[in-house]
Amino acid sequence: MTMFDETYRVIAVEEQSLTIRGNISGEVLTIMTADPEVSLTQEDYRVGQLIALSDPNASGVN
């Protein structure tokens, strides 16, 4: 199983990072924003919300 095959539950939201836990693996990941001018908000990512990650390499480049 890869990280893109699992669903994650949001456990913390900070201005520049999102902390999630895998529903099956229990693995905790912290995702940092690449652009410091883009903020993550609890309106966009509610604690307890289920999310899935997508592989940026899986889509073709235009």
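Biologist: In which strand does S17 lie?

Modeller: S17 lies in strand β2. Keep in mind that this is a predicted model.

Biologist: Is S17 buried or exposed?

Modeller: Compare the relative accessible area with the cut-off. Buried means under 20%. S17 has a relative accessible area of 7%, so S17 counts as buried.

Biologist: Which residues are in contact with S17, leaving aside its neighbours within four places in sequence?

Modeller: They are A12, T30, I31, M32 and L40.

Biologist: Let me step back to the whole chain. How many helices and strands are there?

Modeller: The chain has 0 helices and 4 strands. Read from the N terminus, the order is β-β-β-β.

Biologist: How do β2 and β3 run, and how many bridges join them?

Modeller: They run antiparallel, and 5 bridges join them. Strand β3 covers residues 28–32.

Biologist: What should I look for in the hairpin of β2 and β3?

Modeller: Look at the residues between the strands; there are 5. G26 takes a positive phi near 80 degrees.

Biologist: Now the interior. How should I think about a nonpolar core?

Modeller: Start with the general idea. In soluble globular proteins, nonpolar side chains tend to be buried together. Now this case. The largest nonpolar core has 9 residues: Y8, V10, V13, L18, I20, L29, L40, I51 and L53.

Biologist: Which strands each supply at least two residues of this core?

Modeller: Strands β1 (7–13) and β2 (17–22) do. The largest share, 3 residues, comes from β1.

Biologist: How much of the chain counts as buried?

Modeller: Of its 62 residues, 21% count as buried. The accessible surface comes to about 4,600 Å². Carbon and sulfur atoms hold 50% of that surface.

Biologist: Last one. What box do the C-alpha atoms fill?

Modeller: Along the principal axes, the box is roughly 35 × 25 × 15 Å.

Notes
Residues are numbered from 1 along each chain as its sequence is written. This is a predicted model: local features need pLDDT of at least 70, side-chain atom pairs count only at pLDDT 80 or more; totals for chains, interfaces and linings use all residues. Side-chain values use heavy atoms; hydrogens and water are left out. A nonpolar core is a set of buried Ala, Val, Leu, Ile, Met, Phe, Trp, Tyr and Cys residues joined through side-chain atoms within 4.5 Å. Buried means under 20% relative accessible area, exposed over 50%, partly exposed in between (1.4 Å probe, protein chains only). Contact means heavy atoms within 4.5 Å. Two strands pair if DSSP finds at least two bridges between them. Accessible areas come from the Shrake-Rupley method with a 1.4 Å probe; for residues, only the protein chains shown count as cover.
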